[in-house]
Amino acid sequence: MKIAVPVKFVPDLVEELTIDSGGTALDTSWLRLIINEFDDHAVEQAILLKERGGGQVIVAMSEAEGADDFLFASAAKGADQLIKLTGDFSASNNHALARAYADLLKELQPDLILTGVQAHNDLDGSVGPLLAEYLGMPYVGYVSGLTVAGDKVTVRKEYAGGLIAEMEVNLPAVLGIQAAEQPPRYVAYSKIRQVMGTAKIEERVVADLDLSGGITVSRMFQPEVAERATMIEGSPEEVADKIIGILKELGTL
Amino acid sequence: MPIRDTFWNIPHWAEIAQYVAAFLTMAIFVAGVVRRVLRWRQGRAEKRSGNFWQRIWSLVIQVFAQRRTLDETFPGIMHFSIFWGMLVLAIGTAFATVDWDVTHLFFGFQILTGWFYIVFELMLDILGLLAVLGLGMAIQRRYGTRPARLQNFPVKKLAGDDLYVLVMLSFIVLSGYLTEGLRLAVTQPPWAVWSPIGNAIAAFFLSLGDPTNQTLHLVIWSLHILTAFGALLSIPFTKLFHILSVPTNIYFRSLEPAGKLPAANMENGAGVKEWKQFTWKQLLDFESCTRCGRCQDVCPAYASSQILSPRNMMVKLDAHIWNNGHALHGDVISADELWACTTCRACVQVCPAFIDHVTTFVDMRRHLVDQGSMDKMLQDALANLGRYGNSFGQSERMRAKWTQGVQPAVKDARREAVEYLWFVGDYASYSATLTDITRKTADVFQKTGLNFGILFDAERNAGNDVRRVGEEGLFEMLADKNSQALAKCKFETIVTTDPHTYNTLKNEYAWNGNRPNILHYAELLDQLIASGRIKFSKKLGYKVTYHDPCYLGRYNGIYDAPRRVIEATGCELVEMPRNRDCAFCCGAGGGRIWMDEKDVKERPSESRIREAIALAGVQAFVVACPKDLTMYRDAVKTTGNEKDMLVKDLIELVYEAL
């Protein structure tokens, strides 16, 4: 069983986010990056599967400050192969990232691909479905547990309202992980340091990024304070009358 | 002339039999001791030699003078009496053996004659009574008063071991007196008056008349000899082994500063997973425990939830190293027990056997951390500490946010040379409820004209509690980052308000052998007051009590400086019953502040506040640690004493009195 986990870093919300002078992107000079929480769960789920049924776990990510630390920490948890995509990812979007991962994964031929179901900086859709599309594999998102049996995997998918569905998916497949079966584990610094001495990070150069299909940001801005709220007071009948009056005034009725 | 009539009334065969028994006893005794020593040697190496005379001196003070044992009156006098009573009787017996089997046998003379023999008899007769007194007290205590700490054993059969010791020692002493009395009853030497106890017993037996007394003498003598040899040969196999293990443990005790935790074992994973990963000295610790329970009585974790008893931990660990087939983690010691420890060191402080419970607990925690096994809160705190350098999970850029608005601006010690580098610490920097105090501290420093600066965002958590949680690698990383930042600054003295920071900077950072002067603010304020740099304009006149932080008091012995500061502000200081080295921990140390509380009956901090409330007329509970402020402000609320007791930082008194 070969499990690949393509992950990405996102802006760490512990720092205040600022918009750059162009007004279409975050100011990267103050930006600090952190692993996307859902991707962290995907790595944990992959390690759990390996511990349960054996296999090999590959963690891949694109170059970023702190990427090596994250990859080594994954190795200390039990990942077998660490891959870092290098190149200029400064203008990247999820479409481009998914294409780059797809190229890599076509070569690696994993049986199962786990990735975080979403990230807070997904502007052009999440990576998982895009990746499934480019690889021509089935995709199930919002997965919070899975069991592998032969060339099939049974996944538990969460729906709103507390509903959970169990469904069978043929392998190879891409799964968007909502939560691992247990919270991501702690890995002691001494273990990471040990791993640094033995584990190798393979670097793969991504020459050209294909951004097509993504979106163009026309304006990025902090939530603006508006003073349009009006408190309507009175009995329910009076309030209803006033609302109708306002709607008529706005020309919606 | 008075002379010791050795082997009076003893047939030749019995005398021979006694020597045979003596040699057998010796053989079994030696084999038993060798068995123990071989077990210790299966532990990891640890250097504990050097400082020979200092070590010998602690034997004199702690073994012969029973210094720490005597800290508790009743058990102290009890043990002191048994110790000296039995020791003198044993020495007397050894002396008599030399007298008879060496000087008499080979050189044809006896030492125990004349006035010397009289003194000898008198000494043994009187001091034997000391043993009787001690044993009587022990029997009364164990089976009469039965204090709680002598009950709840994790290993039930040890109750038999306790009984055995008392029965054997009592029988030896009493049968000794009877033998003496019977001999005096028959021989009636003129010097019998010099054995007052024996003579009194003789008077009783005289009524029975010879030869009954002679037969009785032989029977009791035989029983006395058999019991004595039995007790001797059982030393390495019973609780009596503490006679050997405790002095050995005291001799080899750590002479390092209390605040310097030994480095972690890194072979086969960090910390201690299996008993052989303990050092030989830790194994010796386990074998030195006499189950007296003093540690349990002072343990905040035991008091609040009963999850952890340091005594029970030692008992279980000792049993474990002789029993195979159980997992150290899980079967023998639970994770909950290990995490319950606040590392306050009260147990270590009171242990008459000088056991270091805390290093053992931390070594086992190190294994749990290595396995990633910990509660969610602690895991988040460690992840934050690794990523942001503070447990609050805030950006390091926010670390010096409290300085905003402080005028004149707080100096950046990275940019200009300062006299005092103030290592602010996490709680004082980030905790929203504490920044007011932190600003007051800055204000006092500025009003005093102190040339000080801080590290701003280059400061990291100093790592004291990270280390005690068992995350040695993270501690090293934090210490490295702080050391690098400090190495770039020019300063003369480091000052901190946090005792935990103080402890690790002072005792655990490497400093490349060139440690700067490190002060707790209580010490600095004390110095500034003494030198006249701080002059108070008013006398506060409050009646206050003071809580010694564990890492300032027990760990670093700083008790007087904060008290002098309090008195200098014109406050009347009233001590709580548990003060100075007996101070009761707030419950936050050793990383407990980052952990889930689990089931607590009464938080240590609540117990402490109730202790202070019981003092008549005390208005304020003064602390000298940012974590204490947090803990006790909560505790006055949860105990409903918010109106009756103010929790004040030391700096607030100084600020107010300026």
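These legends go with close-up views of a predicted model.

**View 1. Parallel strands β2, β4 and β5 of chain B.** Start with β4(B), residues 493–496: three bridges tie β4(B) to β2(B), residues 420–422, and the two run parallel. Look for B:Tyr420, whose bridge partner in β4(B) is B:Thr493. Strand β5(B), residues 517–520, is also parallel to β4(B), this time with four bridges. Here B:Val495 has B:Leu519 as its bridge partner.

**View 2. A β-α-β unit in chain B.** Follow the chain from β4(B) through helix α21(B), residues 499–507, and on into β5(B): together they make a right-handed β-α-β unit.

**View 3. Helix α3 of chain A and what it packs against.** This helix covers residues 94–108, and its end C-alpha atoms sit 20 Å apart; that agrees with the 21 Å its 15 residues should span at 1.5 Å a residue. Its buried residues include the run from A:Asn94 through to A:Ala102, and A:Leu105 is buried too. They pack against strands β1, β4, β5 and β6 of chain A, plus helix α4 (127–135) of that chain. Just past the helix, check the backbone at A:Gln109, which takes a positive phi of about 50°.

**View 4. Where chain B touches chain A.** On the chain B side, 20 residues are in contact with eleven residues of chain A. The top contributor is α16(B), with six. Sorted by class, this side of chain B has nine nonpolar, seven polar and four charged residues.

How values were computed: Residues numbered from 1 in each chain as written. Chains lettered and ligands numbered in written order. Predicted model: local features only at pLDDT ≥ 70, side-chain atom pairs only at ≥ 80, totals over all residues. Pairing = 2+ DSSP bridges. Right-handed = clockwise from strand over helix to strand, strands pointing away. Expected span 1.5 Å × (residues − 1). Buried ≥ 20, exposed ≤ 12 C-beta atoms within 10 Å, placed from the backbone. Contact = placed C-beta atoms within 7 Å. Nonpolar A, V, L, I, M, F, W, Y, C, P; charged D, E, K, R; others polar.
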